[in-house]
Amino acid sequence: MATTATPLQARNIKKRFGTHEVLKGLSLEAHQGDVITLIGASGSGKSTFLRCMNLLEQPDEGELIVHDEPIHFRDTKHGREPMDWKQVERIRAKLSMVFQNFNLWAHMTLLENVIEAPVHVLGKPKKQAIDEARSLLDRVGLLDRADYYPTQMSGGQQQRGAIARALAMDPEVMLFDEPTSALDPELVGDVLKVMRGLADEGRTMILVTHEIAFARDVSSQVIYLHQGVIEESGAPAQVLDDPRSERLRQFLAPKH
Ligand SMILES: Nc1ncnc2c1ncn2[C@@H]1O[C@H](COP(=O)(O)OP(=O)(O)OP(=O)(O)O)[C@@H](O)[C@H]1O
Ligand SMILES: [Mg+2]
């Protein structure tokens, strides 16, 4: 995994839904080991920006470069789309996303969930995939749940399972969209602990979170979005503790 390539660059990304321009030209650059946190009000475009990064949404304009490989688009009468879906598949395998709502497959055990993509997408031998999956489950504290189905696990366990599943692809970048906001408060800590471990070991991550204390602690950069524009960005201490933007100041102010 050690390379000098830049894991992810997004340049001037724009996205419209109908006439509503949701992203108005967003850029970011994630270098190896960076943890970039996106914050902003509901509807500011955080999820759409993340979804554009792994092409769950097609950006209308802008460039995406993953591990120094530019993604090629072409214009069609339905709008812009990737030129080569094989390339998209290959790129997506490098960018694992963890969503707000635990998205393990319900009809598979936890272990089966974790080995699914390594075996079927990467073509790993099953025995090797199982050994690696068990060590990942151990890391997220779920080895004893390997044979459970998602409905037999708590939300926090499912979310840690989803992280193990994402890790099983050894992704270039991990994308997290509010991974703890659907959890009961007492389950949040265990998930954040796993994420902090990933940050500490130098995983490149881009995350959307409302956990400001966590963001301050782990981020190399914090980006504040307002209506599809980067209103402020920089080191967490500057952005979170000494914001220049009045709007960001209000966003961060304790709510009563
Ligand atoms: N598929 C879609 N079709 C039409 N509009 C959409 C679609 N997805 C998102 N939007 C709109 O784009 C804007 C940005 O949405 P997005 O989900 O990116 O916001 P967000 O910052 O993630 O908000 P939240 O904090 O509530 O998750 C919103 O106004 C939303 O209504
Ligand atoms: Mg969102």
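This is a predicted model: local features need pLDDT of at least 70, side-chain atom pairs count only at pLDDT 80 or more; totals for chains, interfaces and linings use all residues.
**View 1. Ligand 1 and the side chains of S47 and T48.** An oxygen atom of ligand 1 sits 2.8 Å from an N or O atom in the side chain of S47. For T48, the gap from a ligand 1 oxygen to a side-chain N or O atom is 2.5 Å. Side-chain values use heavy atoms, leaving out hydrogens and water, residues are numbered from 1 along each chain as its sequence is written, and chains are lettered from A and ligands numbered from 1 in the order in which they are written.

**View 2. Two domains in one chain.** The protein chain splits into domain 1 (1-94 + 173-256) and domain 2 (106-170), with bounds from an automatic or database domain assignment. Their C-alpha centres are 25 Å apart. Where they touch (heavy atoms within 4.5 Å), domain 1 brings 14 residues and domain 2 brings 12 residues.

**View 3. The area buried between the domains.** About 1100 Å² is buried between domain 1 and domain 2, with carbon and sulfur atoms giving 69% of it. Buried area here is the accessible area (1.4 Å probe) that the two parts lose on being put together, summed over both. On the domain 1 side, look for A93, M174 and V194: they supply 35% of what domain 1 buries against domain 2, more than any other three residues.

**View 4. D170 and R203 up close.** The side chains of D170 and R203 form a salt bridge, at 3.1 Å from N to O. That term means a side-chain nitrogen of Lys or Arg within 4 Å of a carboxyl oxygen of Asp or Glu. Between domain 1 and domain 2 the count is 2 salt bridges.

Definitions and conventions. A polar contact is a pair of N or O atoms within 3.5 Å; within protein, one must be able to donate a hydrogen and the other to accept it, and residues adjacent in sequence count only if both atoms are side-chain atoms.
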